[in-house]
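Student: I am new to this structure, and I would like to know what stands behind the words used to describe it. Could you show it to me and take my questions one by one?

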Amino acid sequence: MERILAQFPDFFTWKNIALLAESAGLTLAMTLLGCLIGFGLALVLVYLRTTPGLWALPLRVACIAYVEVFRRIPFLVVIYLVLFFIQTVASDVSLFSIAVISICIYAIAYTADIIRGGIESVPKTQIEAAQAMNLSRFQTMRLCVLPQALPVIIPPAIAFAVSFIKDTALVSQIGVFELTFRGKELNNQGYSGVLVFGTIAFCYFLMSFPLSLLGQYLEKRLATPRGQRHSR
Amino acid sequence: MPHLAVNDIHANYGKLAVLHGIDFKVDRGEVVSLVGPSGSGKSTVLRALVGLTPVTAGSVEVDGTSIDYAAPRAVKAARDRMAIVFQQYNLFQNMTVLRNVSLAPTKVKGRKRAEVEAEAMDLLKLVGMDHKAHAYPDELSGGQQQRVAIARALALKPEILLLDEVTSALDPELVNEVLDAIRRLASEGMTMLLVSHEMAFVREVSSKVVFMDAGKVVEAGPPAAIFDTPKSDRARDFFGKVLR
Amino acid sequence: MDYNFQFNVVWRNFDELLSGAWLTLQLGVFAFTCGCLIGLVGAACLSFAPRPIRWLVQAFVIFITNTPALIQIYFLYFGLPEFGIRWSNEACVLIGLTLNAGAYLTMILRAGFLSVRATEMEAGETMGMSLPQRIRYIVVPHIAKSIYPALANFFIVILVMGTSVGAVIGVDELTGQAINLSTVNYRWLEYFTVVALMYVVLTFIASIGLALLGRWAFRVKARIF
């Protein structure tokens, strides 16, 4: 205990704090980037999954299989698979890119389910109305269905991304200089584990908690029908 | 040549057969009404005409050209010529009234937005909704939404307008504003096929009434003949209950 | 890509992967079961306990669910020895996962508690049911039905996301075995491909088992896929 207290001024130097802030930024950046790209690709996946016709059957099966399979593989295993796969096909891909790709692969599987749920919440009659007006399948999705589904999709998608901030800690395993990696480094330099990992936990908390509150606020706000939001 | 000829069409809803051979004709500028008990397939006829429910047999001719509902391109052509207004209006909730009306002409026909919107405003004026052009559907009453839906269908410049129980979802005091809009269209010579439970209105506005039951046409003719001196027991029984 | 896949090496050591999968299953089941007990106590506290205790439980849940499981386990493994508490790596993973599961399950079970409507309890009371009867026939079926899918889903999360964290501090569960074995003979891609498939099979079996259990015990139509 005394050792921990004695290390206090040593540990909380500007240099260490700046280092932690930088790593926290990296953690946020790769989560945000991975989840955003993942969200976009998940939209494409969900759209492809609804392709009609017998010829598209393999495509639909592939889309369903992707979601089912990647939700059942640990993130750590996905990271290693991406790392070793990319290293065998290309030589100079940064570890940061590998982390983002791993996050992206995982985010697609999870957000695809969220997006599908949101799209199914739009009444079928809206789609029929669009069809009867000769809007194409893509136009129907882009102009009518998706705008109505987004309020249902966005809150849980944000909740997923926020909870994934924590899971990215595993990326430290392949040596990306994010928050957890810094923690291990500082611990190896001789700083107390309680002090280091307590601080790191607190850093994650500072990122995760306010963002999760923001997500809950958005959920409440988006749940209000537009009519009530306008006439205020 | 009739404007719309429906020849012996059959349709299934899932595995259930709902239309077993429907025949009728609509002349140019004529208003024809489909009446009958619920579940008799009236709405299915309209849905089949715009390709929302698949037609399994029979043929449909518009202006003498027959439509092959198995071919996507033909279905598109059919939707170009016939527009449908739904019981539940089905306005796009995420768009303003004006955008709802101008959407298809800009996106499907690729016309200029300014020009389409000017036309849309005229149509909204026709149904008395121009003052709500920038409102969202959930800010309007059912009757107002239905009038917008009619304007939206007209914006497609259809040759034939299909109206599917357009007043059934409305509160009684809102029914007349919608019926007035339809009356105006009828007086302007629009060819219309309507499904309705408003018997007095059907009698007033249509030149022909088709009585359907269990997916078949039981009898058809001028409103006076069908309503006052029905030939079939089924029609007599039905109108006896409905007209009282 | 001129990579030459060689799966023979993997098959030769398949026994070790199987033992890893067995440990994964054990860790998952243990953490989930103990987590359920913690969750039950936690949810009961949130519903019935006096305010300070409620706050304490709430703080525990908020803290655990907003920090990574990996950091919690690091804290136990690298931090606690400074207080003279030394646990094996397996114990650290087990305790860390259990606490983690406890916090999440507190939230899930709490939602289940909230789903019981007072009017139904009153209806039971007017029918002359005793409190144990009301719990047996009204509360439990109701909670089971409303939270079983969430519970089943969380078990899969623990089994996959949870236990694999152990590999990081050298526990020989499935992911850990993959790391151990591939470090020896450098067949990383092969090992991790096979291990990924093993996770898929393992969780499919678990999902199907849970869906059948839910149907049989609680008449819940749980989604397998």
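**Chain A and its partners**

Tutor: Chain A has a radius of gyration of 22 Å, whereas a compact globule of 232 residues would have one near 17 Å. This is a predicted model, where local features need pLDDT of at least 70 and side-chain atom pairs count only at pLDDT 80 or more, while totals for chains, interfaces and linings use all residues. Residues are numbered from 1 along each chain as its sequence is written, and chains are lettered from A and ligands numbered from 1 in the order in which they are written.

Student: What share of the residues of chain A count as buried?

Tutor: Of its 232 residues, 41% do. A residue is called buried if 20 or more other C-beta atoms, placed from the backbone, lie within 10 Å of its own.

Student: Which elements make up chain A?

Tutor: Chain A has 10 helices and zero strands. Helices are DSSP runs of H or I with at least four residues, and strands are runs of E with at least two, numbered from the N terminus.

Student: How many residues of chain C are in contact with chain A?

Tutor: 30 residues of chain C are in contact with 35 residues of chain A. Contact means that the C-beta atoms, placed from the backbone, lie within 7 Å. H9(C) gives the largest share of that side of chain C, nine residues.

Student: What classes of residue does the side of chain C that touches chain A have?

Tutor: It divides into 22 nonpolar, seven polar and one charged. Ala, Val, Leu, Ile, Met, Phe, Trp, Tyr, Cys and Pro count as nonpolar, Asp, Glu, Lys and Arg as charged, and the others, Gly among them, as polar.

Student: Why are E2 and E5 of chain B called edge strands?

Tutor: The open sheet of four strands in chain B has the order E2-E1-E4-E5, with antiparallel pairing. Strands pair if DSSP finds at least two bridges between them. Strand E2 (16–26) and strand E5 (65–67) of chain B each pair on one side only, and they are the edge strands. Strands E1 and E4 of chain B pair over six bridges.

Conventions: The radius of gyration is taken over C-alpha atoms; the globule rule is 2.2 Å times the number of residues to the power 0.38. A residue is buried if 20 or more other C-beta atoms lie within 10 Å of its own, exposed if 12 or fewer, and partly exposed in between; C-beta atoms are placed from the backbone. Two residues are in contact if their C-beta atoms, placed from the backbone, lie within 7 Å.
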